[in-house]
Amino acid sequence: MEISYKNLNSRRVAVFISGRGSNLKAMLNNEKNRILNGEISFIYSNEKNALGLNYAKKFNKDFESFPYKKKNEGHLLRILKAKNIDIIALAGFMKILSSHFIAKFKGLIVNIHPALLPSFPGLNAQKQAYDYGTKISGVTVHFVDNDLDGGIIIKQRAINIENCGNADAVTKKILRLEHKIYTEALNILLTKKWHIEGRHFIYE
Ligand code: GRF
């Protein structure tokens, strides 16, 4: 399917989480402060005890939590449709969306990854980068397709990790950046005229 800004009509975003939810919290604060140019209309967690669900409650947002399983996909898709969701933003969502779900969702799915893809895909990307000894790492926001962390890149930002000293410090430095970049990337998707050419995400 060809995707472009023309796919968007509601500017309603759903955020999928599994745990801590600090990216969700940053987005909710940005929405409240009118820095995010869209509306977070639904939050889904596959973990019922995810800490991030506290932010859903605090900000008075609709949310649901149930396991992400094949038998629940239809239910989740129906909720997203009923809520007229344009964009799913994965934020620390620890399940891999099925190709069926990705094909059936009539909208965009994006993810944030704590490294400069295509370097260090998968889990513990910050530690991977630190252990490898790279001097620079960063954040990538990308579309989700059927390749793990392999979708078209929307936005990246690099930072120097040379003097971090350990993987935890890298993780903290990258996380601060994540909290800014995710909203910036969503704002581009929500407000700019953009299209895809090959693997290139292009916006005016
Ligand atoms: C972030 O580092 C994100 O890049 C990765 O998982 C972590 C989630 O953190 N995909 P949080 O739940 O948003 O605090």
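View 1. An N or O atom in the side chain of Glu-178 is 2.6 Å from an oxygen atom of the ligand. The protein covers 84% of the 370 Å² of accessible area (Shrake-Rupley method, 1.4 Å probe) that the ligand has on its own. A polar contact is a pair of N or O atoms within 3.5 Å. This is a predicted model, in which local features need pLDDT of at least 70 and side-chain atom pairs count only at pLDDT 80 or more, whereas totals for chains, interfaces and linings use all residues. Residues are numbered from 1 along each chain as its sequence is written, and side-chain values use heavy atoms, with hydrogens and water left out.

**View 2. The shell around the ligand.** Residues with a heavy atom within 4 Å of the ligand are Arg-20, Gly-21, Ser-22, Asn-23, Gly-92, Ile-112, Pro-114, Gln-126 and Glu-178. By class, this shell has 2 nonpolar, 5 polar (Gly counted among them) and 2 charged residues. Domain 1 (10-106) and domain 2 (112-178), with bounds from an automatic or database assignment, each supply at least three residues of the shell.

View 3. Leu-117 and Pro-118 are joined by a cis peptide bond, with omega about 10°. Pro-118 lies in the loop between β5 (108-113) and α5 (125-132); helices (H or I, at least four residues) and strands (E, at least two) are DSSP runs. Arg-11, in the segment before β1 (12-17), has a positive phi near 60°.

Terms used
Polar contact = N/O pair within 3.5 Å; in protein donor to acceptor, adjacent residues only side chain to side chain.
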